[in-house]
2 protein chains.
Amino acid sequence: MLEIERKYRVHNSDYKALATVTYRIVQGYLNSHPERTVRVRIKADRAFITVKGKSSESGLSRFEWEREIALAEAEQLLPLCEPGSIEKIRYIVPFLDQEFEVDEFLADNKGLVVAELELKSEQQQVELPAWVAKEVTGDVRYYNSSLMKQPYKQWLDQ
Amino acid sequence: MLEIERKYRVHNSDYKALATVTYRIVQGYLNSHPERTVRVRIKADRAFITVKGKSSESGLSRFEWEREIALAEAEQLLPLCEPGSIEKIRYIVPFLDQEFEVDEFLADNKGLVVAELELKSEQQQVELPAWVAKEVTGDVRYYNSSLMKQPYKQWLDQ
């Protein structure tokens, strides 16, 4: 399927009080190449393998294929992944009739908070809450696969 | 699970008359790195995604994880794969109480025929049929992921 999403920086923590669900994510990459990332993710107590293609020219759409796998399988696959991993806390934050996924990164990406909104079409109108800052959709540096190799703490222009 | 196998070159075509099953394989790689290959394979009318780790020191064992996927999913994933693909005809050839998988490579690997035997342990005794030639177990050049980048037709020492 095609994943269409917009991505924003978040500079304050107002979203935390609004979250309806919160869980921890740990993920590694069997390939972090932006044209064919292969991700192994543990999301709370469930696990997934996900393949993503390269972004459309607008930066909003990306082919995505995902399968749930057993937690034990993910635990076997994670050690095979490229060096480094991503850890974050995800908050599901409803706003009007939309649902933001806010990722508070940990470890080497501590300090970075990103809100994502999945869309049904590239043209869909978006209503932004006050706690959302500038849009970073399509900026490859914010790909989790990039954050693994070039973590936020190394950025000169945070 | 752990895949334990031995691999041999095949220099004559006597195996063809002995095959009980024959089917076509087309496969691509979402990652061809020997420490974490991710393969998408269409095998007759079924499809699989397979992750392999790096080989043990003996070259006989390798971590392998595989999931069957829908044919339509494989057809969506193959175009995302690294440039190049592997095409081959596989022959299942029983010999004594063993079952060899003989791969006759096509396209850029035409001329190469490799027989593989899966083992239950690294110590298992192997009985070799007369149509099998030298052992190439653990030789990275014979990995399908290597044959994609350095196909047999480019080898100086075939």
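**View 1. Confidence of chain A in the predicted model.** In this predicted model, chain A has an average pLDDT of 94. A pLDDT of at least 70 is reached by 100% of the residues of chain A. For the model, the ipTM is 0.80 and the pTM is 0.84.

**View 2. Residues 1–149 of chain A, listed by UniProt as "domain: CYTH".** The listing comes from an unreviewed UniProt entry. Strand makes up 50% of this stretch of chain A, and helix 11%.

**View 3. Chains A and B about the rotation axis.** Chain B is superposed on chain A by a rotation of 180°, with 0.0 Å of shift along the axis. The RMSD is 0.0 Å. This is how a two-fold axis relates two copies. Both copies use the same surface: of the contact residues of chain B, 100% recur in chain A.

**View 4. Asn31(B) beside the axis.** Among the residues of chain B, Asn31(B) comes closest to the rotation axis. Its C-alpha atom is 3.1 Å from that axis.

**View 5. Leu30(A) and Leu30(B) in the largest nonpolar core.** This core has 31 residues. Leu30(A) and Leu30(B) touch the most other members.

**View 6. Contacts of Leu30(B).** Residues up to four places away in sequence are left out here. In chain A, Leu30(B) touches Asn31(A), Arg36(A), Val38(A) and Val51(A). In chain B, Leu30(B) touches Val38(B), Val40(B), Leu80(B) and Cys81(B).

Definitions and conventions:
Residues numbered from 1 in each chain as written. Chains lettered and ligands numbered in written order. Predicted model: local features only at pLDDT ≥ 70, side-chain atom pairs only at ≥ 80, totals over all residues. UniProt positions renumbered as here; feature names shortened; annotations may be inferred. Helix = DSSP H or I, 4+ residues; strand = E, 2+ residues; numbered from the N terminus. Core = buried A, V, L, I, M, F, W, Y, C linked by C-beta atoms within 7 Å. Buried ≥ 20, exposed ≤ 12 C-beta atoms within 10 Å, placed from the backbone. Contact = placed C-beta atoms within 7 Å. pLDDT = per-residue confidence, 0-100. Least-squares fit on C-alpha atoms with pLDDT ≥ 70 in both.
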